[in-house]
Structure formats: structure tokens, C-alpha cells
Amino acid sequence: MIWTPYQPTPDEPWNQARVIHLFRRAAFGPNRSESQRALADGPARTIDRLLNPPADVAAFHREQDACETLPLPEWRGWWLRRMILTPHPLLEKMTLFWHGYFGVGMNRVNHAGLLLAHVRTLRAHALGRFDALLGAMTRDPAVFLAAGGANNPKARPNEDFARQLLARYTVGEGEFTERDVADTARAFTGYHVRGGKWREVPSDHDDGPKTIFGQTGPWTPSDFARLAARQLATARRVVRALYRHFISEEHEPADDWIEPLARRFATNCDIGRLVTTMLRSRIFFQSPAQRIKSPVELAVGICRTLEITVPTVPLGFELAELGQNLGQPPTLKGWPGGRAWINHATILARTRLAMRLVGNKKFPAELFGVSDPASPEFQLA
Amino acid sequence: MIRTGSRLIVILLALATLELCLLGVLHLAKARRPHAQATVSAPARSVSFDDWIPEQALAVLEVSRADKIMELAFDPAFTGEQSFWSQWKPSALGWTLFRRQLEKEMGCDYPTIWRRLLQDGVVIAAGPGQSFVAIAQASDAEFLQKLNNALVAAARKGAAGKSGNHRVIEATYRGAAYWTLSAGAAYHAILSNRVVLANKLDALKAVLDCRAEAGTGSLAKRADYQAAKRTAGGVATLRLSPELRQLQAKPKGDTATEPNPLAVLLFAGYAEALKANSGWLALGADLQGHSLTLRVAIDCAQPKNAAAFSWPPTAGEGAWPNVEVPRRIAALSLYRNLHDFYAAKDALFPERTSQLIFFENMMGIFFSGRDLTDEVMGAVDPHIRVVVAGQTYDPAVGTPAVKVPAFAVVFRMKNPKQFARISEEAWQKAFGLVNVTRGQKAEAGMILDRKDYAGLRYTFASFSPDEEPDRSKLDIRFNYSPSIAHVGEYLVLSSTTQLTEDLIAALRKPAPGPLDGVNALLEMDGERLAEILRINREPIIRSNMLQKGQNRAAAEAELDRNIALVRFLGRASLRVSASDGRIAGELTFQLRGPAAHKQTVALAP
Amino acid sequence: MKLTRRSFLRASAFAAFVPPVFGRAALGAAARRAGRDQTVLVVVELCGGNDGLNCVVPYADDEYARSRFTLRLAARQVLKINDQLGFHPAMAEWKRLFDEGFASVVQGVGYPQSSRNHPEAVRDWHTARPGDAHWPTGWIGQIADQLTARDAAAVPVALIQPVTHPVALIAERAILPSVRKIEDTPLSDLAPRPAACNPLLEYVWRTGEVAREHERAVRAAASRAGVYPATPFGRALQIAASLIRADVGFRVLYVELGGGDIGGFDNHAGQKDNHAALLRQFSGGVAALVTDLRRDGLAERVLLMTISEFGRTLAENGRRGTDHGAAAPMFLAGGRLRPGLIGAPPDLRSLDNGAPRPHTDFRRVYATVLDRWLGVDSQAILGEKFEWLDLFRV
């Protein structure tokens, strides 16, 4: 009942404002042709197109993957370029979301190549199955390094690492016991990161029975991923995070809003369906201007709506100065977002960046829903 | 004021270069036709305008072969739809009608009008307060009078319909009549067969004053200007006013970055010269056959202060000719006294950057604590040569995805027996450290080995391709096989073994004598450079797309333009030398005509 | 990588609560009043590991003379503090501050089992959690998080000049600006916000208003700048002085000397001239800052503190340089210090692997500064309680 889909009515018509709202949240903002087609197609078809664009997305990503280079500033530039040019912006937004969710960054990883591979893995699963995503994370050397899991010897199971996995990535604080921590650590013994590669050392693995989330068995990291993905607590955390990302950063949703989505997500682990439900809902369309654009959304949004490409390597540095350093979230908690993006230093810098990107071009107020890039409204999403 | 000055210089330099490039292009265009190859060097008739140019002029450009430029400007091959010029042609209907009318009145076509107008030469001078004057000497006074009447009449007719901007004013000053056809945007005066055009009335009056007073207060009376003109060959002379000179001496504002020691090593001698010079900078140009030469001369003596390390102290001394190796792309020969350079480091770069400290720490380790200034920098003599050459790749080893040319530095050791051993030890320590550092980052290391070539043993380090999956797209590190060789009294540090061996062969030839007074000689082969760009096409395009945000088509077009330009410029050489209280730089291009482009120089078999 | 600018503002609790109906002028005044009581900490990082023994020189000690052949500073060269110790001859301006009571030195600072490896030691000093390779935030970043917990719009910490953020400034929530120069082209004023009931928009609008006002204040302060040496360090301190004078809510300013990375103080070879040049820069810059602040009566509100990842060995290493050590002095400057030398000079006869042992944990200095100078909870930042040192005048 809470998540009933939005249907256009005379009181809540499908108009330009709602088109802009949808594209700002589900993509980075509409350009002219997208806006016109969306008005004609209506909300359901537009959301379908955003989830499954008709273009050859695979070919686009193959081409981008071939161009991608290191070191970090160039990689950041390639990712921003990919976001600006992609036919599937919702996928890039979700990749960015997961990047913040797992909070894996160069501060702790140190090998830019591992970070590149990590983000590609995120992209592959971003709108897919959450259990597959979590499973991939339990085999990702970047995640191990970031969360302190480089070494997991049998003699001394790495409980710090296990604690991070439970508190940061799955069920969350207060939802696990010390037994869970100890046995999760044992499940990961024998899996190390050596020379930048994830390695399995069977002799160092404790293959005895472990009890995690009340279930006993000879668990390995992939079992942990499977179990954790199906925990209701994990599902609630993911749903809340997605609520914050897509719907509102100001309003804390009530438990009975989250519960139905969480139950379904815990069963089917389908990220795409979860996102679709949220985007289709009336709640979604009733919540414009409830988020602050992240620096990436601000810049990429302008580029996509104005249909320009800019040198993205310097842009990467500027966005880092605004607080969003792609590839280097401040901690494992990712970017806090919301009001934290706006302080007395960043507000003026963001305004200057927006004005510089718009430059002398005519500002299409009808595509931004705002008359002036220097206005405070422009900072909201 | 100061920024204006530098803008002026840039404009005039651009104009001068444009003129000369045009001359070059014109010449090549002519080469396609069955005419005899004319050499365009000294003007046939040299008309001097010096006595009309006020001495406050900041910069003066004499265009002595304006007729040739006009010929070029109206050559159909160059004025067609897609040409360089077509973007500047006004396309309004009104303009076409006006042109037709003018041609009818003058009795000849439009290109001829221009040719006759500028027949005996034109000079452009820039003055303070953003003022410009141009003085041209036409074919005859009658033609000029007729042209002027036609223009004034047309302007009056046009102004009759509108008001304000197009008012025509006629007046006289010191016996000369002058007009403005655009209510003060520009003024011109006709004096028998000369026309003077100025953008400010004061500037026009200053010229007329000089003329009326038979050259008093003009540049004809300035000995320093005349001297500078003579040194350059008289095509263009630029004056550096004292304010501009002071600007160069000051660091650039508050955000001055710390001086880069390498930049100081290369350019300190020239920066000092610019600070100390007498005030005139002379530009000259020459076109002989396919060879285009641009000359810059500064009137000043070699600096004796901290920057003295970069000049030969006595006559007969100087940099050596560059080393010749196969597939050579560029070569630089320097005369730099490293011992004096490093001894003066407090004066030259007082900032202790972390890079400098790191360098000293490393050199301390490699050279086992020997004094850097006396025992290391002082162990080589001032003749330093750098060479960059294309490399060929052994299919058994593999080809890297990005192909980097080989490069090497050649020093001459003062005490070969002793320093050969010291430098060998330092080199081995350095690459051992590189290996350890790479190992810490889990990257592949190099194997150090020695090998023989032409009776000489040398040491090198190389990467092994054994574990690489794709031998046709290897990592960039496979471009490098660093090596060190001692060829008699020469110390060779090279990035590949192939270049080392080529240098061993080249250095065994008899030693060349120094080039008197030369402290830098840079030579580049445009064709070979174009080849490097060509074989690295894909990485360059991708980098362009990323760094400039362009799409693929624009990136490809930019690369193709650059390759075409580099090929056109052909062989280039830059020689900087000092003699008789003058420092001169000479930039020569051996331009390649269109036919020459058909041959491509292959760098790989 | 040339990003410019920044604006500043003020960390005032008032600014968050004043309703827009009061207008701009009232906002600014309230904020300014609160600011007057706030103290500022300027942290100067001496990158590379400063050789404390040649800064505070035990010139009368035989052990010192015997261990350093080329780097030794003799009695007649040093600027004498007492009959045992003297400052490096390049630190003349620092000595003047010291004699006038505006500078002090905490001797023998380090930590137990200190690391002598650059990245690890830097991480230890910056996170204040030695040995913990995974501690995510820096101690100054945590200060920022604490101070912005009440007011998300505040910016209490800024980095001056370099581009890369040091580990010390990694914060979980707060976004801290790099100030490379004072922005001199103002943004146009905001249109007054039409009445609407979106608190988020309200927040953004109000933040923009205050930010513009702060930028104006900083520009005005910059025009009254004093005379500073024409070195990058001098220019950085000049910017710091402008930010302090503008009184817009900065509590901590961070400056690097030595260029980051391995750092200009890491002299393994040819130390004499390089170290002297850096000390001259340091000394001149700090003296200029204190003079400038005293002129405006601000010196009592400012404390400058140096940190360096480790000291250096007692003996020379044969390359006319010194290697990584442990104990080193921390230099303090400001208007409310207990002047002079604090703590005993390091014992040159009881060395640990060639370097003097530290007797004061650097976290005690941090704790003193956090609790007594900045008024921020040190235990939350350092993880445990550390005993204070007596650094300040009453």
C-alpha cells in the first residue's frame, strides 16, 4: 500500500517538473530529446527505458573498458567521461551508490589496478542480484585490503575484518553477536591477498563448523555472502540506503515503509526490482528537492543536460576538492551525503563550478527546473 | 601597459612568422609549377620608413616582400572555398558590390589594387597606449590618389544614408591631408605615393611630425635601433622597452612556483641575457630554396654571474656537433658546466624542494658519500649531448602497446679511468634500488647483465617477457633496457641497449671540434617525429579524448593536423650562440614540399 | 590540478539557529561576536623528519661534537639559550621570538616503539593511533567532525597551499577546503529567498548568504596583510593570518614545509646547507606571522605548533647527512605560551639504534592542545586520556 505506483492524475499530472525529477534521481538529468520522449511516453515506459535502455550498452562499456587507463587521476577522468556519455545513466548512478556503500578507496588499497577491477565488478552487479554482488565482494582483493582483511591465518582469525563485514556491509551494528564475529572470521581463514591477488590457501582454512546468523555449517566466504544477503537486517540496511539515495535525505522513513521492501529483497535479492519499485512509487514522485546533489551529480548533470563533454581529469580534481574524490571515499562508511555536502566553503565552490561549466551557453531552465545555476535551488536534487 | 607590451610582441612575432611561413608556402606552391626556383632573401628594393616612425615605438615590423605575400594571398589554390583564407573573407552582398564598383573605378582587379598599394613595402609599428600605425609605399602617387578618392566618395555615399558611425571627416595637419572614414576608428593620410594608416589620431600626428621635421624624433636617428636592424637582416625589429625588460626580471606574481632545477640548467643563461640586454631584440628571416631561417639577436654580453655556467668562457670553445645515430628523431648538444651550476645552486634556486633533497639523498647513496659538486658534477666536462632515436622491437621479445623512443645522454669524463668505475658502481646501485622498490610494490624487476659489442663490454638491465600473455601488446616498461657504457672517455647512459650499441659505433669515430660560441644546438627530424605519432595513434587519441574532453573524430582530426604540421616543418635546428657582445638564436626549417610527403621514412622494418 | 580558491565561514552555532527574518546584518554581527573568543591552532608539518639536534644544539656536549664531523655547530656559531643549548644560526628570527616570550620548545618528543619508516611514521603522527594501520581518520579531521556535529555548515579546518590532503585531515563527514589563494572575484549576491517551507532549501540558501559574507571578510582582511618573506611558506602563513584576522570561524589551519612526500627535511646527504635553508624559511615565516598577529592584537588567540614524523640519528652517516631517528623537539609559537624550553634535552648517551630516546609522548602535546587550547574532547580523538603538559600561561 505504501509503495503503490504513481499514476498520472489531474492533481498529480505527468508534467515537465516530474520528468526532471525522475531523470535527476534515476539518471543525472534529462537532455532535450529525453525530456520530450519522456513526456510523450508517460512514467511507466520512461522508467522501463531507464532500467533497460534500447541502446547497445554492452558495446559502449566494452569500448570504455578498452580506453580506461591508470593511474588514479586518469581512471577518475575515464569514469567521469563514461558517466557523461553513457546510454545507461541509471547503471552509473547505482555503481556510484555501491562505491559509496562499500567505501573501498585508495587510502587503504594502494593498488589502483585493484580499484579499477573493483568498480568494474560493482558495475557488473549494480542492478543485478545482491547476493551475487556480495559474493563478488568476498572474492575482491580491494575489499579485503580496504576492510583490513589482507591476512586471515587459521592460527589467528581476523576478527577486525569480520566485524567490518558484519557492521559495514551486511547486517549492521547491533544485529550480530560475538559468535557471529568469531565464526565469520573463521570462515575467511585461508583467504589472503598476496601481491595484489586474492589467494586461497586450503591448508590455512579452518573447515570446521561455524555458526553464523544461527545457521551452522562448514562455511566459506561465498557461504557467508549467501547467508548475509538473505538476512532481514541486511535487507533493511540496503533498503534504507537506497531510500536515502533515491527518495529523501531529510526524512527518515518509518519502519513499516521499509519492512515490505526489505522482506521481498531478503527473499529475491533483486536490486533492479527494488529500484524499480521505488522509482515507480507515489512516494518517489512526492519528494522533489529532498536531496542535495552530490558533486558528481552536479557536474555530470550539467554536462549531460547541456550535451557537452569537458576535460574530465581536472574535473576529477575539482570534485575531490568539493568532497567527492572518486576512488577515495573518506572512510568505509563512504560519503555521508545530504547536508554534509554543503558548508560555507563548498557552497561557493559548487556555485562557481556550475557557472563555469555552463559558461556562455544558453541555460535551458526548462530542462533543469531552475532559472539560474547560481541559485540555491540548483544545488538540490 | 606591460601586458599590452607583451601582447604587442606576440602579435608582431605572429605576424612576422606568418609572413615568413607564407613566403615558404608560396615558394613551395611555385615549385609545383614549372618556374625557376627563385630565392627570396634580401629585398630587391629596400625602402626605409625609419625617418617617419616616432621613436616611442615599442615594436616595428618591416614587411619587405609584401608583393609576394599579395601574390600568395590571391593565388586561387589558396583562396578557394576550403582554404586558409576563406574564413576571413566577408561574405556580405554589400561587400561584393563595393568590390565590383571599386574595380570598375580603378580599372584593374582587386588583387592588383592590393599589389600596387603595397608594392614598395609596408611597415607596421606599435606604440604606447595600444596605438598602431602602418605606412605603405604604393606604385605611384596617381594610383594612390585615385584609390583614396574612390574610397572617400564611397564612404560619403554610405554615410549619407546613416548617421553617427560612418561620418567622414577630412582635415589637414602640417601640410598633409588626412581622413577618417569611420568617425575615428581609423585615420589615414596620403602623402604623394605613401599612405599612413593609424588607429589613433595622436599616432598619425606623430608620424606626420617626424615627416615634417625631416626625421627628427624618429627611429632613423636612434643608433641602437639601427644597430639592431643591421644584425637581424632587416626584416623585422622588435624593441623591448625598459618596462618590459623589468617585467621579465620579476617573478610572476604571488603564486610563483619554485624554479625547476632542470629548467634553470637549460634556460638560466638566456633569462639572464634578457634581463641585461640593451633594449633591442632583433628578428630576422631568410628563405633559401626549401630552407627557412628565423633569427633572433639580443644585444648583450655573456652573463658573468651565477648563470655563467651556461656559456663557454673563452673563444673557440662551445658545444659539440650532435651525435649521428640511425633513426635519430632529435638531438641536443649543450655546453653546461655542471660543476659551476651546482656550486651556484643557492643563487639559482634557493628553494629546497623535496625533489632536490631526494635527488641529493639518492646521489649520496649511489656515489657513496662523495661530494656532489666537486666529485660528481665536476667529474664531467661541459660538453653534454642528448639523443632521442626510434627503436625497433625484436619480435622474439615482443612489442609494447605504447611505443616510446629510446633516449640517451653522453658525457665526457675528465678522468675516465677513475670515474668509469665510480659511475658504474653508482649505476648498478641505482638500478638495484629500482628493483627493490619495484619488488616492494609487487612489480616485476629487471635482470642486470653485461654484454659485448664491438669489443666493448657494457652493463644493462632488462625485463623478461616470459610471463606476459600477449607479446604484441606488452606493458610500457618493455620499451626500456637501461644501460651504461664507457666508450673511451665518453660515458653513455641510455634507455635501450640498441641505442647504446649505435652510440658505441658513433662515438668511436674521430672526435669533432667544438662549435665556436655555441651553447645549445637542438636538431629535430619532423618526418621521424611524425612516424612516432603515427605508430602511437590509438594511445594518443585516447589521451586526447580524456584530457581535452573531445570526441573521437575531433581527437583524430587534431592528431592528423599535428602530424601534417610536423611533417611540413621537416628538419628543424635551433642554434644558440654568443659572440661579440651579442647572443643570437637561429631556428632553421628544411621544409618539405608536397611531393616529399609521398616518401615515408620507415622506422620499423 | 590547479584548483583555486575557497571561501570561508564561520563555525557559529548562532548562524544555524537565526531565522532568516532577521536578515544578513544581524547574522554577521552575532557570528562575529561569538568568534572573538575562539582560539586558533596553526599546525606546521616539517616534512621528512627534522634533525632536532641541529635546531636545539647541545653545543657543550662532547658526545655531540664527537658524533658529527661536518655538521657540528660550535659554541661560537649557535645562538645561545643557556650554557648547554643554543639554536641553529639560521634561526635568528625564531630566537628573537623566543627571547621575547612568544616561542617555546618541547624537547624529546616521540612515542614508544616509534616507526622510522616515512609512511608509517607520518600515519602515526597524523592519526594519533600509532601501530594501527587501519585507523581511517586523522586527528585534525576528527576535530572537524566534532566541531561540525552541531553545525554542518561550519568549516573549522583548512589546509593551506598543497593539493593533496594529508592523512591528518581525513574526516568522516566534514569537507575541508584547500586554500591556495584568497579568491578576489566575488560571486553575485543571492536573491532573497521567497517564502517556502523546504528546510533543506532554507539551509542551502542560508549557508550561501553566510559564505558570501565570510568571503568578503577574508578579502578585507587580506588587504591589511603584513610583510612576509617571499617564500611559499611565508605566503602560506600570510594567507593563514588573513583567515585568522577575518574571524570567520577557522580553528585549525594546516601548513606544510618541505614539500610533502619524502620531504625537504629528510637529509641523508649534504644536510648542512639544505637544513639551514629550511630553518631560515621556517624562522622567517613564523616571526612574520607572530609580528603581524601582534599588530592586530590577535597573538593571544593563536598557537602555532610543529610536527615532524621523527627526529634523526646523533651520528653522521658518512654522506654528510643523518638517518632516521626517534626523538625530536616540537616548536610552539603564540601569544599565550609559557616561554622557554619544556622538558629535558635528549640524553645523548642513552641511544636507541643511534638516535636519542623520546621522553614525552606526542599525544600528550596533542591532548594539551585539544583540551586546553581548542576546547575539544581529546579522549574521543586520541582514544585514551593523556596527561597534559604545562604549555600555557595562565
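Me: At what angle do H13 and H15 of chain B pack?
Reply: In this predicted model, H13 (residues 354–366) and H15 (residues 416–440) of chain B pack at about 120 degrees, and their axes are 8 Å apart. Roughly perpendicular ends at 115 degrees, so H13(B) counts as oblique to H15(B).

Me: Which residues make the contact?
Reply: H13(B) contributes B:Met362, B:Ile365 and B:Phe366, while H15(B) contributes B:Ala426, B:Lys429, B:Ala430 and B:Leu433.

Me: How many of those are nonpolar, polar or charged?
Reply: The contact of H13(B) with H15(B) has 6 nonpolar residues, 1 charged and no polar ones.

Me: And chain B overall, how many helices and strands?
Reply: Chain B has 19 helices and 20 strands. Of its 605 residues, 46% are buried.

Me: Switching to chain A. How far does H15 reach from its first C-alpha to its last?
Reply: H15(A), residues 255–268, reaches 20 Å over 14 residues, close to the 20 Å expected at 1.5 Å a residue.

Me: Which of its residues are buried?
Reply: The buried residues of H15(A) are A:Ile258, A:Glu259, A:Leu261, A:Ala262, A:Phe265, A:Ala266 and A:Asn268.

Me: What do the buried residues of H15(A) pack against?
Reply: They pack against four chain A helices: H9 (130–137), H13 (221–229), H14 (232–246) and H16 (271–280).

Me: What comes just after H15(A)?
Reply: A:Cys269, with a positive phi of about 50 degrees.

Notes
Residues are numbered from 1 along each chain as its sequence is written. Chains are lettered from A and ligands numbered from 1 in the order in which they are written. This is a predicted model: local features need pLDDT of at least 70, side-chain atom pairs count only at pLDDT 80 or more; totals for chains, interfaces and linings use all residues. Side-chain values use heavy atoms; hydrogens and water are left out. Axes are lines fitted to C-alpha atoms, for helices over the stretch in contact, and angles run from 0 to 180 degrees between N-to-C directions. Helices (H or I, at least four residues) and strands (E, at least two) are DSSP runs, numbered from the N terminus. Angles under 35 degrees count as roughly parallel, over 145 as roughly antiparallel, 65 to 115 as roughly perpendicular and the rest as oblique. Contact means heavy atoms within 4.5 Å. Ala, Val, Leu, Ile, Met, Phe, Trp, Tyr, Cys and Pro count as nonpolar, Asp, Glu, Lys and Arg as charged, and the others, Gly among them, as polar. The expected span of a helix is 1.5 Å times one less than its number of residues. Buried means under 20% relative accessible area, exposed over 50%, partly exposed in between (1.4 Å probe, protein chains only).
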